Amino acid sequence: MIDDIRRIAADASDRIAAAATLDELGGLDRELLGKTSELSGFKRRMGELDHEGKREVGSALNAAQESLRFAVASRRDQLAAVARREQAEAERLDLTEVRAGRDAGHLHLVTQAIEELEDVFVGLGFTVAEGPEVEDDWHNFTALNFGQYHPARDMQDTFFVGLGGPREVVMRTHTSPVQIRVMESQKPPIYSVMPGRVYRNEATDATHLAVFHQLECLVVDRGITFGHLAGTIDMFTKAYFGPGWTSRLRPSYFPFTEPSAEFDLQRPDGSWLELGGCGMVHPNVLANCGIDPEEFSGFAFGFGLDRLAATKHGVTDLRELASTDVRFLEQF
Ligand code: FA5
């Protein structure tokens with residue numbers, strides 16, 4: 001009986017290994033291991049055996065069934081992997097495909113603006129830095145001199161993320177936290193620009209989005225003055241828009257700059273565009289990043305890239321920038 005069991009198990013094992021589909025394997029599983037299988041039949045015949053015989057045949061039978069169950073499970077894994085590969089291959093879409101004779105598309109307006117501005121600043125010797133969009137309270141607020149209960153925290157309606165302690169992790173509300181990351185990781189002189197996406201819990205309208213883009217500029221060196229700040233803003237305005245454009249500064253308040261200003265750009269027709277905030281980096285911010293404010297000074301500014309790009313291309317509603325309408329997108 002034991003020889004029969006081993007022979008049946010060996011045949012069964014070959015058939016399992018040769019199963020070509022999951023359906024075929026399911027059928028073999030029932031046929032070879034089910035209640036009516038040849039092996040199960042031995043259980044009924046064991047009644048004829050003495051105690052020792054029952055023990056030996058029982059153990060051979062268990063070993064045979066165990067190894068066949070293992071063989072079925074392994075073959076099932078193999079066949080399932082093949083089926084998954086085949087399905088993935090059948091559903092594959094080539095998103096890089098370019099249709100012959102048709103324009104392959106172009107970069108989005110905001111991406112174009114980022115690249116043009118990066119070229120302007122890199123040409124002046126600036127580096128480009130990036131930071132995470134999910135930020136901690138330290139980088140987005142505290143290191144930027146927003147006191148724990150300072151009302152300026154409410155200037156930017158914040159999306160909080162359900163990680164860490166209450167209000168500890170945020171979707172960054174501006175690109176200024178990247179200033180902190182740059183100053184924490186390198187020593188002055190620093191000449192850096194930091195473009196990126198930012199998030200605010202705001203109702204959207206023609207001039208406001210809840211997800212938009214800013215470009216931050218940070219300079220920290222010896223002897224940096226407000227004149228350098230004003231000159232840099234005027235320079236990039238002319239480089240991006242053309243010689244007919246100028247800029248002006250108006251006094252304002254940000255916790256991380258002192259003095260602070262807002263800056264507007266003047267179009268050739270004389271009208272004004274409110275674009276961003278700026279100022280001299282607050283000594284507390286330099287100190288928070290381990291930079292001695294007695295030795296170094298700096299300026300920073302940050303502005304809305306969506307407003308900038310929309311103005312250049314005559315887009316009157318910022319919400320169109322987030323549209324997927326090709327009739328709009330193809331114009332640029
Ligand atoms: C800031 O975000 C400061 N971090 C700017 C700054 C940087 C000041 C460095 C000093 C030094 P503010 O919240 O004003 O400031 O936003 C700056 C610009 O982002 C605005 O002038 C505007 O152009 C753009 N902006 C703000 N909110 C929105 C919005 N909801 N949709 C589109 N653009 C926006």
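P189 is found in the loop between α7 (176–185) and β5, where helices (H or I, at least four residues) and strands (E, at least two) are DSSP runs numbered from the N terminus. The peptide bond from P188 to P189 is cis, with omega near 5°. The model is a predicted one, in which local features need pLDDT of at least 70 and side-chain atom pairs count only at pLDDT 80 or more, whereas totals for chains, interfaces and linings use all residues. Residues are numbered from 1 along each chain as its sequence is written, and side-chain values use heavy atoms, with hydrogens and water left out.

The domain assignment of the chain gives domain 1 (2–91) and domain 2 (109–329); such bounds come from an automatic or database domain assignment. The C-alpha centres of domain 1 and domain 2 are 67 Å apart.

Helix α1 (residues 2–18) packs with helix α4 (residues 51–90) at an angle of about 0°, and their axes are 10 Å apart. Axes are lines fitted to C-alpha atoms, for helices over the stretch in contact, and angles run from 0 to 180 degrees between N-to-C directions. The angle makes α1 roughly parallel to α4, a label for angles under 35 degrees, with those over 145 counted as roughly antiparallel, 65 to 115 as roughly perpendicular and the rest as oblique. From α1, I2, I5, A9, A12, S13, I16 and A17 meet E56, V57, A60, L61, A64, L68, A71, V72 and R75 of α4, contact being defined by heavy atoms within 4.5 Å. The residues of this contact divide into 13 nonpolar, one polar and two charged. In this division Ala, Val, Leu, Ile, Met, Phe, Trp, Tyr, Cys and Pro count as nonpolar, Asp, Glu, Lys and Arg as charged, and the others, Gly among them, as polar.

Strand β5 (residues 190–199) is mostly covered, with eight of its ten residues buried. Buried means under 20% relative accessible area, exposed means over 50%, and partly exposed is in between (1.4 Å probe, protein chains only). Strand β1 (residues 127–128) pairs with β5 in the parallel sense over two bridges; strands are paired if DSSP finds at least two bridges between them. The bridge partner of V128 in β5 is V193. The pairing of β5 with β6 is antiparallel and extends over ten bridges, with Y191 opposite V219 in β6.

An open sheet of three strands has the order β2-β4-β3, with antiparallel pairing. Its edge strands, β2 (134–136) and β3 (160–161), each pair on one side only. Two bridges join β3 to strand β4 (residues 169–171) in the antiparallel sense, and F160 stands opposite V170 in β4. The loop between β3 and β4 contains R167, a residue other than glycine with a positive phi near 60°. R167 is exposed, its relative accessible area being 59%. In the loop between α6 (137–140) and β3, N145 also has a positive phi, of about 75°, although it is not a glycine.

Strand β7 (residues 246–254) pairs with strand β8 (residues 257–266) in the antiparallel sense over eight bridges, and β7 and β8 form a hairpin with two residues between them. A cis peptide bond, with omega about -5°, joins E258 and P259; P259 is found in strand β8. Strand β8 is joined by eight bridges to strand β9 (residues 272–281), and these two strands run antiparallel. The hairpin of β8 and β9 has five residues between the strands, and G270 there takes a positive phi near 95°.

L265 lies in strand β8 and is buried, with a relative accessible area of 0%. The bridge partner of L265 in β9 is L273, while S247 has L265 as its bridge partner in β8. Not counting residues up to four places away in sequence, L265 touches T237, F241, W245, T246, S247, S271, W272, L273, L275 and L308. The C-alpha atoms of L265 and I233 are separated by 9.3 Å, these residues being 32 residues apart along the chain.

Helix α10 (residues 305–313) has as its buried residues L305, D306, L308, A309, A310 and T311. These buried residues of α10 pack against α5 (109–123), β6 (211–221), α8 (226–241), β8, β9 and β10 (297–304). G314, which follows α10, has a positive phi near 70°.
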